[in-house]
Amino acid sequence: MAYKNFILVCGGTGCESSRSDEIYKSLISEAEALGVSHDVQVVKTGCFGFCEQGPIVKVLPSESFYVKVKPEDAHEIIAEQVIKGREVSRLLYRKDKKAETAKLEGIESYQKQFRIVLRNCGVINPESIDEYIVRDGYRALEKALFEMTPEEVIAEVKASGLRGRGGAGFPTGLKWEAARKSPGDIKYIVCNADEGDPGAYMDRSTIEGDPHSILEAMVIAGRAVGANFGYIYIRAEYPLAIERLKIAIQQAKNYGLLGKDILGSGFDFDIEIRLGAGAFVCGEETALLQSIEGKRGMPRPKPPFPAVKGLWGKPTVINNVETLANVPVILTRGAKWFASIGTDKSKGTKVFALTGKINNSGLIEVPMGTTLREIIFDIGGGIRNGKKFKGVQTGGPSGGIIVEKDLDTQISYESLTALGSMMGSGGMIVMDEDDCVVDVSKFYMAFCVDESCGKCAPCRIGTKQMYGLLDKITKGQGEEADLVKLEQIGKAMTKASLCMLGGSAANPTLATLRHFRDEYLEHIRDKKCRAGKCKDLVVYEIDPIKCIGCGLCARHCPVPCITGEKKKPHVIDGSKCIKCGECFVACKFGAVVKR
Amino acid sequence: MIAGDIEFSDELQSYIDEWSKKEGGLVMMLHRIQNEFGYVPRAAAEKLSLISGIPLAKIYGVITFYHFFKTTKPGKHRISVCMGTACYLKGSQELLEEIRSILSIEPDEVTDDGLFSVDEVRCLGCCGLAPVIMIDDEVYGKLTKEQLPDIIAKYRSL
């Protein structure tokens with residue numbers, strides 16, 4: 001049956017939470033009601049990466065790109081576009097109100113992108129194995145089973161230059177080779193989908209949009225290292241991703257692509273899902289293995305590396321979701337092609353979750369070597385509300401902040417590390433002048449205090465002590481000697497911690513101390529927070545020139561501490577003020593100022 | 001009270017029978033128990049220990065290690081405030097304080113009528129919609145403090 005139109009509705013978490021499911025259902029019921037359900041197929045796809053403008057609906061073959069769609073719009077889309085062949089102009093994407101409408105591929109933020117990992121997201125129905133197969137799915141597996149020896153598969157992955165996308169950047173081919181060479185009959189493949197970095201959702205979107213690519217890669221990895229069993233360790237907080245994985249596993253089993261004697265090759269491979277339970281440290285390899293074994297997720301010293309001694313003491317390969325998603329493409333298109341993308345030492349692409357004070361929040365995939373400036377200003381559309389760029393945080397609680405002067409750096413594992421940050425899993429959070437670096441460092445440190453497993457002293461005690469010092473500074477009780485202490489403890493933790501959680505927990509603080517020491521000093525010496533985030537340091541005042549004496553602020557003040565005659569400038573009594581900010585929000589004349 | 005005196009549904013019972021034979025199934029069994037009760041009641045942990053032979057101390061070691069597992073009964077409606085970085089930068093801390101003040105509860109408390117409990121949660125993965133809260137399975141994005149009373153009121157009458 002040939003459909004005239006295809007309607008793709010984004011089923012990513014962002015759009016799903018702004019009612020894309022209702023849109024999907026309305027489109028189907030409207031098509032039925034108007035008698036055109038044979039002409040149009042409605043498909044729920046993975047994330048388009050355009051989360052800011054969600055929910056997204058795309059209509060083929062006209063490539064109409066609709067943004068901020070509501071369930072009520074379904075009728076018009078069917079009635080106008082499917083029946084009459086006219087686009088619904090008011091829903092089409094425009095850069096701003098006056099600009100021309102644009103197709104997805106024509107949008108500037110898409111043109112600089114290059115999609116390998118997200119190749120199928122927003123294109124196929126993630127709950128259909130057939131759609132995956134049509135797009136060359138499981139072709140790489142066929143190749144790995146029938147046309148290549150396991151050694152050749154490993155050689156190909158090595159030649160591609162693929163490195164771990166979970167953050168550390170260890171060459172994937174070497175990991176596989178080490179596991180293959182480790183003696184033993186029983187080996188395991190583990191997919192790390194425990195995406196714990198706050199502000200990152202690449203892996204979730206990849207699984208939700210293209211679950212089969214992960215399964216295919218795991219079977220290939222199993223074939224390469226000689227493993228017959230794999231685990232996907234995924235956060236329990238990702239119900240949609242878990243559901244889609246379950247569907248995909250069942251479909252693959254039905255098609256003989258998973259289980260005993262895959263495609264008649266004699267090779268067996270099975271996959272089981274294991275749920276995480278909200279522990280950031282379980283993103284660390286050895287902790288993750290403990291958790292799969294049903295224990296407290298505490299890391300252990302390395303070596304021995306998991307490739308030698310992993311799950312239940314057997315050789316185990318642990319790869320992150322994004323790393324695995326690259327594997328099928330490397331086999332089908334060849335290592336040479338893959339290695340032609342990116343920089344000298346960092347090959348291929350990287351997916352980032354671009355969020356924070358940026359115009360186009362969303363999921364992006366760019367070739368390694370793209371500059372941060374291109375990502376933030378060309379793809380991300382610059383800073384919200386015309387504010388000034390302050391810094392971009394990469395690598396989450398383990399990373400650092402990168403400032404204006406370094407924005408032309410080409411991203412690669414090495415260049416970001418050299419800047420005192422790290423690639424991390426791919427969270428990229430943009431900050432503007434309203435964000436306080438001390439406050440953000442405190443936020444990350446609080447996260448690490450919470451997530452430290454407590455096994456080693458440098459991390460358990462160090463994070464707590466650093467948090468105490470940062471808290472003191474944000475409250476205006478800091479001393480200059482505290483900055484030296486922060487650096488000393490931070491360096492000790494970096495050197496002496498058992499795993500990378502503690503080893504990198506000091507990074508956000510150390511990086512901000514390097515770039516924004518003057519702001520720390522302002523907090524300490526002048527008891528001032530220029531961003532106005534640190535509540536204890538903010539002083540609210542009324543500008544007597546701007547104040548018209550309407551009394552609105554006084555009526556909103558819960559204390560109350562604002563006095564003044566009608567039509568005359570009012571005054572805030574600083575000794576009583578609780579700094580709630582109600583007057584600041586209430587004033588319509590900008591007369592209440594933060595200092 | 002006898003140790004482990006609690007009724008398990010047939011599904012839960014058969015799930016535990018299956019997983020207690022597998023290596024490393026403890027975390028999965030706890031997930032299933034929390035699914036059924038909304039938290040892990042002491043009696044359920046005791047019963048699990050009796051069935052699986054895993055010492056109770058070890059079970060509690062695991063429960064208390066992971067943030068996801070709760071040992072106290074949550075409210076009928078669970079409000080989760082996203083504390084991911086993107087949401088934090090856009091004011092989720094203020095949302096959290098406002099919600100607690102509307103419901104007049106402290107961290108880890110349940111409202112007197114048993115209707116609400118509030119959790120700070122890690123990134124919910126919809127950073128494009130920051131700041132975000134989730135009530136039961138419903139996500140509310142791009143929120144301001146002013147919208148909260150109406151949203152919460154909706155759930156009082158449910």
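Which residues are buried in α9(A)? The structure is a predicted model, in which local features need pLDDT of at least 70, side-chain atom pairs count only at pLDDT 80 or more, and totals for chains, interfaces and linings use all residues. Residues are numbered from 1 along each chain as its sequence is written, while chains are lettered from A and ligands numbered from 1 in the order in which they are written.

Buried residues in α9(A) are Met202(A), Asp203(A), Arg204(A), Ser205(A), Thr206(A), Ile207(A), Glu208(A) and Gly209(A). A residue is called buried if 20 or more other C-beta atoms lie within 10 Å of its own, exposed if 12 or fewer do, and partly exposed in between, with C-beta atoms placed from the backbone. Because eight of the eight residues of α9(A) are buried, this helix is largely enclosed by the rest of the structure. Helices (H or I, at least four residues) and strands (E, at least two) are DSSP runs, numbered from the N terminus.

The axes of α9 (residues 202-209) and α11 (residues 239-254) of chain A come within 8 Å and cross at roughly 35°. Such axes are lines fitted to C-alpha atoms, for helices over the stretch in contact, and angles run from 0 to 180 degrees between N-to-C directions. The crossing of α9(A) and α11(A) is left-handed, a term used if the near helix is turned anticlockwise from the far one by less than a right angle (right-handed if clockwise). On the α9(A) side, Arg204(A), Ile207(A) and Glu208(A) make the contact, and α11(A) contributes Leu240(A), Ala241(A), Arg244(A) and Leu245(A). Two residues are in contact if their C-beta atoms, placed from the backbone, lie within 7 Å.

Gly395(A) lies in the loop between β11 (389-394) and β12 (400-402) of chain A. With 27 other C-beta atoms within 10 Å, Gly395(A) is buried. Apart from neighbours within four places in sequence, the contacts of Gly395(A) are Gly167(A), Gly400(A), Ser421(A), Met422(A), Met423(A) and Gly424(A).

Chain A is assigned domain 1 (5-105), domain 2 (129-339), domain 3 (349-432), domain 4 (437-526) and domain 5 (539-594), the bounds coming from an automatic or database domain assignment. Taken over C-alpha atoms, the centres of domain 2 and domain 3 of chain A are 27 Å apart. Their contact takes 14 residues from domain 2 of chain A and 15 residues from domain 3 of chain A. In chain B, the assignment gives domain 1 (10-65) and domain 2 (77-156), whose C-alpha centres lie 29 Å apart.
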